[in-house]
Amino acid sequence: MSCGRRIGILGGVFDPVHCGHLAVALLAKEHFGLDEVIFIPSGAPPHKPVVAVSPDDRLNMLKLALEGVEGCGVWDGELRRGGYSYTIDTLSELGELYAGAEFYFIIGTDNLPEIAKWRSYEGIAARVTFCVAYRPGYALERPEALAAADIREFPGPMWGSSSTMLRGYLGKGRSCKFLIPDAVLGYIRDRGLYGYSHGR
């Protein structure tokens with residue numbers, strides 16, 4: 001990979017991926033002039049031990065969501081690694097794949113305070129620029145532990161969609177059109193994920 005690139009990182013469980021994820025990625029890409037945004041589905045996140053669907057399903061849904069979306073891709077290294085997924089390990093691997101690149105870690109105001117609890121958070125902060133989008137109900141708070149970190153705000157989609165909310169909708173058979181990409185919604189319906197059977 002060529003050096004000097006600006007690479008955005010958007011990690012998450014993506015259970016399921018939804019339009020809010022896509023919107024925040026593209027807004028960050030535009031705002032910070034990123035060359036690419038990489039979506040990274042978590043393997044076994046230590047902070048969220050229960051995941052509703054399989055790693056393969058989450059990866060397949062991400063690939064479907066990003067078909068035709070220029071400048072966005074998927075890296076499945078955490079799924080292949082096995083065991084708990086730690087961001088510091090992921091950054092080490094990406095540093096080898098994208099030698100000389102600048103990394104922009106895309107995150108919401110709801111998650112920023114949690115970073116100081118992550119393994120080797122000082123090492124994470126030293127390697128990335130934190131790109132923080134506002135999430136309704138969560139003001140931007142700069143944790144004292146990240147006082148030396150490069151933290152920059154950008155305009156996020158500012159809506160309250162979440163995978164948790166959408167799993168609840170799907171389980172009740174509610175239409176999630178315009179909330180979840182059509183190709184992903186079809187995948188969920190065809191496989192009966194999250195108890196969804198709308199339209200059958």
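The model before us is predicted: local features need pLDDT of at least 70 and side-chain atom pairs count only at pLDDT 80 or more, while totals for chains, interfaces and linings use all residues. Residues are numbered from 1 along each chain as its sequence is written, and side-chain values use heavy atoms, with hydrogens and water left out. Helices (H or I, at least four residues) and strands (E, at least two) are DSSP runs, numbered from the N terminus.

Let me begin with the interior. A nonpolar core here is a set of buried Ala, Val, Leu, Ile, Met, Phe, Trp, Tyr and Cys residues joined through side-chain atoms within 4.5 Å. Buried means under 20% relative accessible area, exposed over 50%, and partly exposed in between, with a 1.4 Å probe and protein chains only. The largest such core has 33 residues, and Phe39, Met61 and Ile188 have the most contacts inside it. At least two residues each come from helix H1 (19–32), S2, helix H2 (55–66), strand S4 (102–108), strand S5 (128–133), helix H6 (163–171) and helix H7 (182–191). H1 gives the most, with five residues. Apart from this core lies another, of 25 residues, which includes Leu91, Ala101, Ile124 and Phe130.

I turn now to helix H2. Its buried residues are Asp57, Arg58, Leu59, Met61, Leu62, Ala65 and Leu66. The elements covering them include H1, S2, strand S3 (72–74), H3 and H7; contact means heavy atoms within 4.5 Å. Methionine 61, not counting residues up to four places away in sequence, touches Phe14, Pro16, Val17, Val53, Val184, Tyr187, Ile188, Leu193 and Tyr194.

H2 packs against H7 at an angle of about 150°, the axes being 8 Å apart. Axes are lines fitted to C-alpha atoms, for helices over the stretch in contact, and angles run from 0 to 180 degrees between N-to-C directions. On the H2 side the contact is made by Asp56, Asp57, Asn60, Met61, Leu64 and Ala65, and on the H7 side by Ala183, Val184, Tyr187, Ile188 and Arg191.

Serine 120, in the loop between S4 and helix H5 (121–127), has a positive phi of about 55°. Serine 120 has a relative accessible area of 36% and is therefore partly exposed. Tyrosine 194, in the segment after H7, has a positive phi near 60°. Tyrosine 194 counts as buried because its relative accessibility is 13%.

Another backbone feature is the cis peptide bond between aspartate 15 and proline 16, with omega of about 5°. Proline 16 sits in the loop between strand S1 (6–12) and H1.

Finally, consider glutamate 36, which is found in strand S2 (residues 36–41). Is this residue buried or exposed? Glutamate 36 counts as buried, because its relative accessibility is 17%. Its side chain makes a polar contact of 3.4 Å with that of arginine 5. Such a contact is a pair of N or O atoms within 3.5 Å; within protein, one must be able to donate a hydrogen and the other to accept it, and residues adjacent in sequence count only if both atoms are side-chain atoms.
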